[in-house]
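Subject: Structure for you to look at

Hello,

Here is the structure for you to open. Please read the notes under it with the model on your screen.

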Amino acid sequence: MLFRDILGHQELKNQLLNTVINNRVSHAQMFLGVQGTEKLALAIAYAQFISCDNKQTYGPEADLIADSCGQCPSCIKYQKLAHPDLHFIFPVATTKTISNKPVSSMFLVQWREALLDSNYYLNINEWYEKIGIEKKQGKIGVDDANNIIKTLGLRSFESDYKVVIIWMPEKINIQAAPKLLKSLEEPPDKTLFLLVSENHDQILKTIISRVQLLKISTHDDSVIRNYLQHNFQLDDKRMDEIIHLSEGVFSNVFKQIDSNEITNVFFNHFREMMLFAYQNNFVKMREKSNEISNFGRDKLVLLMRYGMRITRMCMLYDVGNQSMVRSANEELDFVSKFSKFVNQNNAEAIYAILSEADYHIGRNVNTRIVLLDTMLQISIEIHKQK
Ligand SMILES: [Zn+2]
């Protein structure tokens with residue numbers, strides 16, 4: 001997780017980055033925020049930055065003063081949530097397949113999937129559903145506490161720091177608490193505990209007293225409005241409705257936007273990408289890749305897939321198969337015009353370029369470079385056959 005892929009929280013991000021840059025990382029911190037806030041994403045981005053081998057710094061004039069590189073071996077492992085020095089503890093219970101002493105490490109595969117699929121917005125009910133324990137209460141028990149203490153006794157594998165992320169410390173049970181408290185109080189050298197929590201009142205006071213508290217707020221309406229204005233074409237009434245129902249939480253925004261609204265926004269971005277490629281205008285292509293590179297990976301993957309669909313439509317239009325062209329309005333207008341340049345001669349190659357971009361974006365390659373490269377390659381394909 002890169003800081004720049006997380007929506008909002010600019011001040012807090014820089015505050016966190018500063019602790020690393022100035023070597024003031026506190027060994028036990030709690031990211032506290034209501035359900036749907038970016039607390040888990042921020043905790044992971046923080047750990048990734050600490051571990052990154054090629055930290056990028058941008059100086060005080062930039063929105064973000066620094067970020068992880070996203071490309072070093074450590075970052076690549078972080079992006080898969082599979083770094084050997086990153087440990088997770090979260091609530092579990094017995095399941096159909098695990099009937100004895102369930103601990104977090106037995107659920108790592110599902111955990112990684114659930115986090116990546118939810119773009120780190122996972123909530124506790126979704127997690128219980130994922131591991132099939134909807135009807136039970138998950139807990140962080142003494143076996144997990146023993147496990148982590150044992151792990152922390154070992155040398156770190158690759159990083160200076162070992163990081164333990166405890167998701168939902170409100171579920172630490174009474175037997176596990178003393179052991180975890182001892183670790184929080186006297187942590188092994190170069191060990192960082194990041195607790196990620198929703199309910200301050202449900203956490204044992206003794207735990208709270210041992211951590212540095214970071215409050216993750218919900219977003220102001222203006223932040224959500226700004227995001228919607230940049231990414232979707234919505235009329236004022238619809239915009240107000242989404243903002244009102246979102247209650248300052250982006251995961252609520254995503255739930256409300258429907259697929260028609262998404263298609264609209266992708267159309268304009270993809271149209272511009274193709275236009276600048278056609279014009280072979282390097283400056284515009286670079287500007288465009290900078291503009292859309294902070295969309296977040298999920299959305300960029302959707303944009304690439306949208307582009308693949310349009311490429312197919314252009315080819316169908318070109319070969320006279322117009323009844324199969326499933327486009328309307330401005331999209332159809334674009335397809336009919338652009339099929340002169342994207343057609344049976346090069347559609348396959350352009351489809352492959354977009355498909356490769358889709359692959360790379362999903363795997364944490366620098367999105368800005370992937371997007372620029374994609375437009376340049378498409379430009380070559382368009383001009384090859386003119
Ligand atoms: Zn890195």
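**What was found**

Helices H13 and H17 cross in a right-handed way. A crossing is right-handed if the near helix is turned clockwise from the far one by less than a right angle, and left-handed if anticlockwise. This is a predicted model, in which local features need pLDDT of at least 70 and side-chain atom pairs count only at pLDDT 80 or more, while totals for chains, interfaces and linings use all residues. Residues are numbered from 1 along each chain as its sequence is written.

Helices (H or I, at least four residues) and strands (E, at least two) are DSSP runs, numbered from the N terminus. Two packed helices are described by the angle between their axes and the distance between the axes. Axes are lines fitted to C-alpha atoms, for helices over the stretch in contact, and angles run from 0 to 180 degrees between N-to-C directions.

**H13 and H17**

The axes of H13 (residues 282-292) and H17 (residues 367-384) come within 8 Å and cross at roughly 145°. On the H13 side, Met285, Arg286, Lys288, Ser289, Asn290 and Ile292 meet Arg368, Leu371, Leu372, Met375 and Leu376 of H17. Two residues are in contact if their C-beta atoms, placed from the backbone, lie within 7 Å. The contact of H13 with H17 has six nonpolar, two polar and three charged residues. Here Ala, Val, Leu, Ile, Met, Phe, Trp, Tyr, Cys and Pro count as nonpolar, Asp, Glu, Lys and Arg as charged, and the others, Gly among them, as polar.

**H6 and H7**

For H6 (residues 142-153) and H7 (residues 177-185), the axes come within 8 Å and cross at roughly 30°. H6 and H7 are therefore roughly parallel (angles under 35 degrees; over 145 is roughly antiparallel, 65 to 115 roughly perpendicular, the rest oblique). The crossing of H6 with H7 is left-handed. Val142, Ala145, Asn146, Ile149 and Leu152 in H6 meet Lys179, Leu180 and Ser183 in H7. By class, five of these residues are nonpolar, two polar and one charged.

Asn146 lies in H6.

**Domains**

The protein chain has domain 1 (3-215), domain 2 (221-257) and domain 3 (260-384), with bounds from an automatic or database domain assignment. The C-alpha centres of domain 1 and domain 3 are 37 Å apart.

Regards
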